[in-house]
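This report gives a short tour of one protein model. Look at the structure first, then read on.

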Amino acid sequence: MFYLDSKNEEMCCGCQACEQVCPTDCISMIEDKKGFTYPFKNEEKCIECGLCEKVCPFVQKKKIDISFNGLPKAYYAANKNVDTLMASASGGVFTSVIDTYCKKDFAIFGVQYDDRFKVIHSYSGSIEEAKKYRKSKYVQSDINNSFKQAETFLKRRKKVLFTGTPCQVAGLRLFLRKEYENLFCLDLVCHGVPSQNIFDKYMKYIEEKNKGKISDFTFRHKVLDKNGKWNSRNVKIKAGEKELVMNSNEDKYLKGYHSGLFYRPSCYNCQYANSERISDITMADFWGVEKLYPEDDVHKGISVILVNTPKGQEILKGLTETMSLKEVDLDFVIKSNGQLNHPAKKHVKYEDFFKNINSDRFDLAVDKCIPKPPLIKRIASRILPNEVKKSIKKIIKWRG
Ligand SMILES: Cc1cc2nc3c(=O)[nH]c(=O)nc-3n(C[C@H](O)[C@H](O)[C@H](O)COP(=O)(O)OP(=O)(O)OC[C@H]3O[C@@H](n4cnc5c(N)ncnc54)[C@H](O)[C@@H]3O)c2cc1C
């Protein structure tokens, strides 16, 4: 089932480990019709060493065995600094981990926008500069040659902190083919990644609609909602002179993203959407935290972390300086977070979306697949407090 043999697109997460490991540089990443990149092998240059298959996270998952007795353990994790919380996607775990792990001679790998809003992996030798990695980018990052760069640093005994999606971290570990004491891996629970191509089409639509170039863009922008609670399912965009803040009902990219309309095909077949983790610490949103801690103010952002290895446990001790941490029931955490149980579900109109997007404007392509709810429902959703909405949903469910 190895992608380069089967060409089954559900079997390639696009981590680029095969491209980076190839000793003859015979593999290159080529974009398909949907805009996702896949490895392509130049048979004339291939020496059939088989390394590409040995580092593939979709074929070799079982080789990454980091299981330890009594682990993982789950912790409620909230940064004590409000500015950090507001600048982070959820509970500010990433900031706390870099503060704790990166004391001297280190390289932090993370995901940023470049100056044309391409989503890329890069590294930084400064904690201040690494803050550009904060906030989720709901796009597959271009790993480029980050695995090779990380290996060079590791061999020079620099400390490396690598952050990414679970398949990217798996790709790195397999690429390295040995354990390094000076490597720390921090992955996230991941819903799925759209392609850069789809994100570019969305950005173009926003620029045309608002008649101005985008100069700033943020996912997970935290906004105080009408119920007096902070909500992070928003985008904040500066387009020309306009500043836009839109939630997932208003913004078409968020709408499509949260409905599973345009992820990479392998995301729906993700091998890492479960509780067997492959990094030292896993960070996620803490869904359902209100049920465990109804008195806590958790709305500015709250994460849950899974500590998976003794290295992760060691770092956890340092996190207590900057974070509120409480051990929580692992089963509760797993049950409350879909992507710790199963991959995201493909939207029924997935193929239609990719047909439409070639001829339609971005918003129309989404609207054709996910029609607007009836007007009465939209008005009710805007004016009713959350508690009332929850009760109505319960009644509808109860009446079947
Ligand atoms: C694509 C994506 C999907 C996610 N899906 C879920 C989910 O379904 N359920 C859930 O509980 N949590 C999900 N998360 C994780 C979650 O939203 C937070 O990132 C996590 O809780 C860490 O919070 P924080 O406040 O420490 O993050 P921040 O301080 O904001 O740090 C963000 C971290 O995410 C990394 N990152 C950002 N964008 C990407 C990207 N495109 N690819 C790889 N790494 C990236 C950065 O390098 C950095 O390490 C997702 C994150 C991403 C990027």
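## A buried tyrosine

Tyr-253 touches Tyr-138, Val-139, Pro-194, Ile-198, Phe-199, Tyr-202, Phe-219, Phe-262 and Phe-362, leaving aside residues up to four places away in sequence. Contact here means heavy atoms within 4.5 Å. Tyr-253 sits in helix H9, residues 252-258. Helices are DSSP runs of H or I with at least four residues, strands are runs of E with at least two, and both are numbered from the N terminus.

Tyr-253 has 0% relative accessibility, so it counts as buried. Buried means under 20% relative accessible area, exposed means over 50%, and partly exposed lies in between (1.4 Å probe, protein chains only). Tyr-202 is 51 residues away from Tyr-253 along the chain, yet their C-alpha atoms are separated by 6.8 Å.

## Basis of the model

The model is predicted: local features need pLDDT of at least 70, side-chain atom pairs count only at pLDDT 80 or more, and totals for chains, interfaces and linings use all residues. Residues are numbered from 1 along each chain as its sequence is written, and side-chain values use heavy atoms, with hydrogens and water left out.

## The whole protein

The protein has 16 helices and 15 strands. Its radius of gyration is 21 Å, close to the 21 Å that the globule rule gives for 400 residues, so the protein is as compact as a globular protein of that length. The radius is taken over C-alpha atoms, and the rule is 2.2 Å times the number of residues to the power 0.38.

Of the 400 residues, 52% are buried. Among contacts with a separation of 6 or more, 68% join residues 24 or more positions apart.

## Two packed helices

Helix H5 (residues 93-101) packs against helix H11 (residues 310-319) at an angle of about 100°, with the axes 9 Å apart. H5 is therefore roughly perpendicular to H11, a label for angles of 65 to 115 degrees. Axes are lines fitted to C-alpha atoms over the stretch in contact, and angles run from 0 to 180 degrees between N-to-C directions.

H5 contributes Ser-96, Val-97, Thr-100 and Tyr-101 to the contact, and H11 contributes Ile-315, Gly-318 and Leu-319.

## Backbone exceptions

Most residues other than glycine have a negative phi, and most peptide bonds are trans. Leu-71 and Pro-72 are joined by a cis peptide bond, with omega about 5°. Arg-157 is not a glycine, but its phi is positive, about 65°. Arg-157 is exposed, at 73% relative accessible area.

Terms used: Angles under 35 degrees count as roughly parallel, over 145 as roughly antiparallel, 65 to 115 as roughly perpendicular and the rest as oblique.
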